[in-house]
Amino acid sequence: MAKQKPTLSLIDLITEIGDDRAAEMFRVKRRTVASWRRSERWPLARDIPHLIELSGGRLSLESFFYRSRTDAA
């Protein structure tokens, strides 16, 4: 059985690729992505499946239920 690659949290993905690239990927404004990265706002539940699809497999449902690798430390 193949081991599944772990997904990133939304915040970690945005931090890794940058606000501009994430805004292009998710087809939203840069300000929206920045607010997600800073946990000021969070995507609507109805939008999460679409964001997972647009991420090309880098996000999963789990990505929206924990904040960041740094928060766990």
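Reader: What makes arginine 46 and aspartate 47 a salt bridge?

Author: Their side chains meet at 4.0 Å, N to O. The rule asks for a Lys or Arg side-chain nitrogen within 4 Å of an Asp or Glu carboxyl oxygen, so the pair counts. The model is a predicted one.

Reader: How many salt bridges does the rule give?

Author: The count comes to 7 salt bridges. One of them joins the side chains of aspartate 19 and arginine 30, at 3.9 Å from N to O. That is within 4 Å, so the pair qualifies.

Reader: Why does the pair of aspartate 19 and arginine 30 tie parts together?

Author: Aspartate 19 sits in helix H2 (residues 19-26) and arginine 30 in helix H3 (residues 30-37), so the bridge ties parts 11 residues apart in sequence.

Reader: What makes aspartate 19 and arginine 37 a salt bridge?

Author: Their side chains meet at 2.8 Å, N to O. The limit is 4 Å, so this pair also passes. The link runs between distant parts of the chain, from aspartate 19 in H2 to arginine 37 in H3, 18 residues apart.

Reader: Which residues are linked in a network of salt bridges?

Author: The network links Asp19, Asp20, Arg30 and Arg37.

Reader: How do you know whether aspartate 19 is buried or exposed?

Author: Aspartate 19 has a relative accessible area of 10%. Buried means under 20%, so aspartate 19 is buried. Its partners read otherwise. Arginine 30 has 46%, which makes it partly exposed. Arginine 37 has 27% and is partly exposed too.

Reader: Why is the pair of phenylalanine 26 and tryptophan 36 given the name it has?

Author: By the rule there is 1 aromatic pair. It is formed by phenylalanine 26 and tryptophan 36, with 6.1 Å centre to centre and 65 degrees between the planes. The centres lie within 6.5 Å and the angle is over 60 degrees, so the pair is edge-to-face. Phenylalanine 26 belongs to H2 and tryptophan 36 to H3, so the pair ties together parts 10 residues apart in sequence. Both residues are buried.

Reader: Which residues line the largest pocket?

Author: The lining includes Phe26, Trp36, Trp42, Asp47 and His50. The pocket holds about 170 Å³ of space. H3 and helix H4 (48-54) are the elements that give two or more residues to the lining. H3 gives the most, with 3 residues.

Reader: How do the residues of the lining divide into nonpolar, polar and charged?

Author: They divide into 7 nonpolar, 3 polar and 2 charged. Asp counts as charged, so Asp47 of the lining is charged.

Terms used: Residues are numbered from 1 along each chain as its sequence is written. This is a predicted model: local features need pLDDT of at least 70, side-chain atom pairs count only at pLDDT 80 or more; totals for chains, interfaces and linings use all residues. Side-chain values use heavy atoms; hydrogens and water are left out. Helices (H or I, at least four residues) and strands (E, at least two) are DSSP runs, numbered from the N terminus. Buried means under 20% relative accessible area, exposed over 50%, partly exposed in between (1.4 Å probe, protein chains only). On a 1 Å grid over the protein atoms alone, a cavity is a set of points where a 1.4 Å probe fits but cannot get out, and a pocket is an open set with protein on both sides within 12 Å along at least five of seven lines; lining residues have an atom within 4 Å of a point. Grid points are joined across faces, edges and corners, and a volume is the space filled by probe spheres set on the points. Rings of Phe, Tyr and Trp (its six-membered ring) pair if their centres lie within 6.5 Å; planes under 30 degrees apart count as stacked, over 60 as edge-to-face and the rest as tilted.
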